[in-house]
Amino acid sequence: MKLLNSAEWGLGLRFLGHNPLRLAAALSGVAVAVVIMFVELGLLLGVLNSQAMVASRLDADLVVMNRARVDLHKWTNVDGIRLNQIAAEPDVAQVIPIYQGTMGFRNPPDLSIRRIVIFAFPANEVPFDIGNPEKISNVLRIPGSVLFDRLSRPIYGEIRRGQDVELDGTLFRMAGFVSLGPDVVNDGAVVMSEGDWLSRHPNDQPIMGAVRLRPGTDVHEARARILAALPDDVIVMTPDEVRSREFAFTLKAAPIGILFGIGMLAGLVIGAITCYQILFNEIVDRFAEYATLRAMGFSSRFFRRVILEQAAFLSLGGFLAGAALTWIAYLYLAYATSLAVGFDVFSSVFVLMLTVGMTVMAGLFALRPVAEADPASLY
Amino acid sequence: MNVRIEPLDVKAAPQSAVSIVNVSYRFAGSHRAILKGVDLTLAKGEFVILTGPSGAGKTTLMTLVGALRAMQEGEITVLGAKLSGLDAERQLRLRRKIGFIFQDHNLFDALTAFETLWLTTALDEKKPPRQEALVRAEALLGELGLREHLHDKPGKLSTGQKQRVAIARALINEPPLILADEPTASLDKVSSDSVIALIKRRVKLGASALMVTHDARIFAAADRVVHMVDGKIDRVE
């Protein structure tokens, strides 16, 4: 015996489609909720990703940092001797020291001085995935040549290749560009060679070491051996672990998780109320018709299917419309904040699930009058 | 296209379609009983009209027979099922065997006449495919003079036409019991006659019909006319 008569399919859509104005209002309500959720989530992920950008760009198997450096924006140096000790380990192919500091960047057009972050490392070894390593090395081998982060915020003015720029009163040749990206606090970055950096900061120590292991070496075993050979003033993590730690630190240290979470909740509530109201009106307007079907013997499952069909359509339609609007919002946000705001699989699936959950819950609540309807009242 | 309607299996069912024994009923919060010890039997293949003044209890009795209200006192047996203690799921299954005709058509404005009937066939245990449902719907709407309105939505139909579609909806699954409340109230004489003729044909094939009406024009079509007054059966003609 067939469980379903095919006439039962598509009823919810036909009922919704019969009133185009109401359908448009419902889709708009869901779309607005989707935009709010996407924007809040996008900003949250944008902040988190931007704060952990350095870890995401690392081209290394392991990262060595001072144990006191509990987040990437606390610039506690690691003793250079530790990097030499690690380099002596048989599993280790290479340890690249990375220096980080700030310099005053004089903007050529208006001559104002702005703070900029400097990343420095040996010219022959590029520890970041920020561009063509060979080209970067070729530039950095020339003393006084630096690279500008093209993703920096526009406050530094227009930077041209071959232009001379002033960093802490010294002229450098801007010989090319890399792609790193700013974070919430820092607006931009310049990459220079270890030699250029140390010539101006002779006593500086690296802020981290990028460790590359010999091919075939198990990362976790190598880390255990490195840690066993060193005092406990350093920590050794994979770049992914550093990134995750940075996410957790940012969420804990700043209330952004709560702020953006409340924003998303607001979107969810707006969408749920809109959806509930629309579906409730849809049901109330057809109450006698639904009650008639109930009297005739249609089960609660039938009504749930009709309303869930409507909820599914509203959630998918609203999601697509909302995603299209969000795409425009993201373009603006990325431009305005220079943060890594954009669509990804996680946020898309997450918002879609929230949207479907929101409309389904609204639909099931809206269905209560039918469930409680007294079919005897029809006579 | 005509459809031959098979007679119901009378051997499998009891001889009475509905048996009402000493039924009383009062609404919640009311001291006055709307039904007072009513006894009535509707035989298989019988057409009975319930009539009487407003407040006599006709509609309440109809809703009790239709398993739309919970029993209080007495016993009603419908198509072999005792309604006292019948759980919700069984009530639902029983109602699927009843053709309900309400005073208002209550048609979904988004569905055509055929779609309304096709949807109703979902309550038929056989769940006929679309083509079979179409054949049934064409035949039934044809009998009601609505064949050309098969694919029209309610917005294109007159009140009388909508009521006839609602009547077709009640009959599409060939129910063994028809419960009708003033089915001809919004119909002209010609339409009213066609509806009564259709119900009579179903009754001849073994269905039973219980109809509430004030329309004296159709009393003659019934096997019995039961007059109710003040919650009791006053007389039977």
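This is a predicted model: local features need pLDDT of at least 70, side-chain atom pairs count only at pLDDT 80 or more; totals for chains, interfaces and linings use all residues.
View 1. Residues are numbered from 1 along each chain as its sequence is written, and chains are lettered from A and ligands numbered from 1 in the order in which they are written. The labels H and E are for helices (H or I, at least four residues) and strands (E, at least two), which are DSSP runs numbered from the N terminus. Here strand E5 (residues 163-167) of chain A runs antiparallel to E6(A), and five bridges join the pair; strands count as paired if DSSP finds at least two bridges between them. Two residues sit between E5(A) and E6(A) in this hairpin, and Asp168(A) in the turn has a positive phi of about 50 degrees.

**View 2. E6(A) with its parallel partner, E4(A).** Strand E4 (residues 145-149) of chain A pairs with strand E6 (residues 170-178) of chain A, this time in the parallel sense and over five bridges. To find your place, look for Phe148(A), which stands opposite Phe177(A) in E6(A). Strands of a sheet pair through backbone hydrogen bonds, either parallel or antiparallel.

**View 3. The buried residues of helix H5 (residues 133-140) of chain A.** Ile136(A), Val139(A) and Leu140(A) are buried here. A residue is buried if 20 or more other C-beta atoms lie within 10 Å of its own, exposed if 12 or fewer, and partly exposed in between, with C-beta atoms placed from the backbone. Looking down the axis of H5(A), you'd find its buried residues within an arc of 90 degrees, so they line one face of the helix; the arc is that of the directions from the helix axis to the C-beta atoms. An α-helix has 3.6 residues a turn, so residues three or four places apart point the same way. The buried residues of H5(A) pack against E4, E6 and strand E7 (189-193) of chain A.

**View 4. Val64(A) and the largest nonpolar core.** A nonpolar core is a set of buried Ala, Val, Leu, Ile, Met, Phe, Trp, Tyr and Cys residues joined through C-beta atoms within 7 Å. The largest one holds 184 residues, and those touching the most other members are Met37(A), Val63(A), Val64(A), Val190(A), Val211(A) and Leu210(B). Helix H2 (residues 20-51) of chain A gives the most to this core, namely 17 residues. Zoom in on Val64(A) and, leaving aside its neighbours within four places in sequence, its contacts include Val78(A), Leu83(A), Ile86(A), Met208(A) and Val211(A). Two residues are in contact if their C-beta atoms, placed from the backbone, lie within 7 Å.

**View 5. An open sheet in chain B.** Four strands line up in the order E2-E1-E4-E5 (chain B), with antiparallel pairing. Strand E2 (33-43) and strand E5 (81-82) of chain B are at the edges with a single partner strand each, so one side of each is left without a neighbour in the sheet. Further in, strand E1 (residues 16-26) of chain B and strand E4 (residues 73-78) of chain B pair in the antiparallel sense over five bridges. Ile20(B) stands opposite Ile76(B) in E4(B).

**View 6. Thr159(B) in helix H5 (residues 159-171) of chain B.** Thr159(B) has 13 C-beta neighbours inside 10 Å, so it counts as partly exposed. Leu187(B) is 28 residues apart from Thr159(B) along the chain, yet their C-alpha atoms are separated by 8.0 Å.

**View 7. Where chain B touches chain A.** Chain B puts 28 residues into the contact and chain A puts in 22 residues. On the side of chain B that touches chain A, the elements giving two or more residues are helix H1 (58-65), helix H2 (88-95) and helix H3 (113-120) of chain B. H3(B) gives the most, with four residues. Sorted by class, this side of chain B has 13 nonpolar, five polar and ten charged residues; Ala, Val, Leu, Ile, Met, Phe, Trp, Tyr, Cys and Pro count as nonpolar, Asp, Glu, Lys and Arg as charged, and the others, Gly among them, as polar.
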